[in-house]
Amino acid sequence: MQYINLTKHDINELISGLTIISTGFARVEAPSLYVGSDMNGVPMYIDNPNAVVIGLPEPKENTIYIVSSVMLNFIPDTRVDVVAPGNVVRDKQTWAALGCKGFKQKNQNPLTDRVSRDNEHNQPAGCGFRRAV
């Protein structure tokens, strides 16, 4: 399995001990949409539903792309090959990120959904996820 880190920072995955160097930068181009002001005159915005994802390669066999948690919200649910850092572990005094424990996907369970779908056709899971035991 190959991990490609498209965040601005190197990622330390603490469970496996992997350090995944940043090799690019994927981003979302989505200016917020103005919806009005509150009673104090503070402008209010919503996320742009027409956001454009920039710098995310097409799916590639045995490759997982790592993006920021914010960017993950704009990734289509069909992209099971895109994840974000999971539970972030922080220094208790400085609150600096030390690493993460695992990765998260958007709105799905890759351990069951992808494996189940692939196994219906007697194929190995394309993303390399295995069912938890």
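**Figure 1. Salt bridges of the predicted model.** D81 and R79 form a salt bridge in which the closest N and O atoms are 2.8 Å apart; the term denotes a side-chain nitrogen of Lys or Arg within 4 Å of a carboxyl oxygen of Asp or Glu. Both D81 and R79 are buried, where buried means under 20% relative accessible area, exposed over 50%, and partly exposed in between (1.4 Å probe, protein chains only). The structure is a predicted model, in which local features need pLDDT of at least 70, side-chain atom pairs count only at pLDDT 80 or more, and totals for chains, interfaces and linings use all residues. Residues are numbered from 1 along each chain as its sequence is written, and side-chain values use heavy atoms, with hydrogens and water left out. A search of the whole structure finds two salt bridges. K106 pairs with D77, with 3.8 Å between the closest N and O atoms. This pair links distant parts of the chain, 29 residues apart: K106 lies in the loop between β10 (97-104) and α2 (113-119), and D77 in the loop between α1 (69-72) and β9 (82-90). Helices (H or I, at least four residues) and strands (E, at least two) are DSSP runs, numbered from the N terminus. D77 counts as partly exposed because its relative accessible area is 42%.

Figure 2. P57 is found in the loop between β7 (52-54) and β8 (63-66). With a relative accessible area of 31%, P57 is partly exposed. Not counting residues up to four places away in sequence, P57 touches L6, Y65 and R79, contact meaning heavy atoms within 4.5 Å. The C-alpha atoms of P57 and I4 are separated by 10.0 Å, although these residues are 53 apart along the chain.

**Figure 3. The nonpolar cores.** The largest nonpolar core has 11 residues, namely I4, L6, A26, L56, Y65, V67, M71, L72, I75, V82 and A84. The elements giving two or more residues to this core are α1 and β9. Such a core is a set of buried Ala, Val, Leu, Ile, Met, Phe, Trp, Tyr and Cys residues joined through side-chain atoms within 4.5 Å. V67 is in contact with L6, T7, A26, L56, L72, V82, V83, A84 and P85, leaving aside its neighbours within four places in sequence. Another core, of six residues, lies apart from it; among its members are I11, I20, I66 and C100.

**Figure 4. The loop residue N48.** N48 is found in the loop between β6 (43-46) and β7. N48 counts as buried because its relative accessible area is 12%. A polar atom of the N48 side chain lies 3.2 Å from the backbone oxygen of P31. When neighbours within four places in sequence are left aside, N48 is in contact with A30, P31, L33 and F74.

**Figure 5. A nonpolar surface patch.** L33, V35, V42, M44 and I46 make a nonpolar surface patch of about 400 Å². Patches are made of residues with over 30% relative accessible area and no salt bridge, like charges being joined within 9 Å and nonpolar side chains (Val, Leu, Ile, Met, Phe, Trp, Tyr) within 5 Å. Accessible areas come from the Shrake-Rupley method with a 1.4 Å probe; for residues, only the protein chains shown count as cover. β5 (33-37) and β6 each supply at least two residues of the patch. V42 is found in the loop between β5 and β6 and is partly exposed, with a relative accessible area of 41%.

Methods. A polar contact is a pair of N or O atoms within 3.5 Å; within protein, one must be able to donate a hydrogen and the other to accept it, and residues adjacent in sequence count only if both atoms are side-chain atoms.
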